[in-house]
Amino acid sequence: MRFLYHPQSGALNLELENEAFLHLKARRVKVGDKIILKNLKDFFAYTYECIEFSRRSCVLNLLDKKDEKQELKMHLHLALAVIDPKIIEKTLPFLNELGVAKLSFVYMDYSQKNFKLDFKRMEKILIESSQQCGRASLMELESFDDFKKFQQVYENIVLIDFEGEDLTSFEPNKHVFLIGAEGGFSQKEREESVKKAKLQADFILKAQTALIGVASKFII
């Protein structure tokens, strides 16, 4: 773990309880040990000293703070037709580690409308991922009820489809790359989108595989 997340990181004193406390207990932290905390909002790394350790909590005292502002390699914005939330949750850490800036969820024609996204749970997954990989900001998440509303907000949408231009011909900082659900896109959605790109894969990819593939193509 590169740091410990706490929303009040930066306060002169903190009392850690519940899950945060259990993290420290598992690491066998003792009085006098120094711990790095971040709030994932201001890009500072806060150094605390453990001054009290009890059965259910740990009291920390702020010693120092260091500016560790990070610049993402690029502002890569991906979009995904809503699929099974369990699959989405398993995929989030990979995208967060790669440095994807934003991920939009769109209820497309082939999305199952009964799937409901738990943004609070997804944020927790991203926080845990950031603690492990060292990312100092959370990947931004948002959702749209349908493709039309998504198009009203974003213009340069590129469908990742079975045909189209080579993916690398599109400037990643200027486009939003949309991956479809199982079955891809409906004919209506294909007709409504002017820009399409294809991946150079020999076989049909699952949505989550295509999502990670697009991110890797541009970032790594």
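Mentor: Gladly! One term before we start: contact means heavy atoms within 4.5 Å. Keep in mind too that this is a predicted model.

Trainee: Which elements cover the buried residues of α2?

Mentor: Begin with what is buried, meaning under 20% relative accessible area. In α2 the buried residues include I88, L92, L95 and L98. Their cover, and that of the other buried residues of α2, includes β6, β7, α3, β8 and α6.

Trainee: How far does α2 reach from its first C-alpha to its last?

Mentor: Helix α2 runs over residues 85-98, which makes 14 residues. At 1.5 Å a residue, the expected value is 20 Å. The reach in the model is close to that, at 20 Å.

Trainee: Where in α2 does a kink lie?

Mentor: Look for the proline P93 in the helix. Shortly before P93 there is a kink of about 30°.

Trainee: At the start of α2, which residue's backbone nitrogen does a side-chain oxygen of D84 reach?

Mentor: Follow the side chain of D84 towards the start of the helix. One of its oxygens comes to within 3.0 Å of a backbone nitrogen, and that nitrogen belongs to K86.

Trainee: Which element gives the largest share of the lining of the largest pocket?

Mentor: The largest pocket holds about 690 Å³ of space. Of its 28 lining residues, the closest to the centre are A181, E182, L205, K206 and A207. Two elements give two or more residues to the lining, β9 and α6. The largest share, three residues, comes from α6.

Conventions
Residues numbered from 1 in each chain as written. Predicted model: local features only at pLDDT ≥ 70, side-chain atom pairs only at ≥ 80, totals over all residues. Heavy atoms only, no water. Helix = DSSP H or I, 4+ residues; strand = E, 2+ residues; numbered from the N terminus. Expected span 1.5 Å × (residues − 1). Bend = angle between axes of the 7 residues up to and from the residue. Buried < 20%, exposed > 50% of the residue type's maximum accessible area, 1.4 Å probe, protein only. Polar contact = N/O pair within 3.5 Å; in protein donor to acceptor, adjacent residues only side chain to side chain. 1 Å grid on protein atoms, 1.4 Å probe; cavity = no way out; pocket = protein on both sides within 12 Å on 5 of 7 lines; lining within 4 Å. Points joined across faces, edges and corners; volume = space filled by probe spheres on them.
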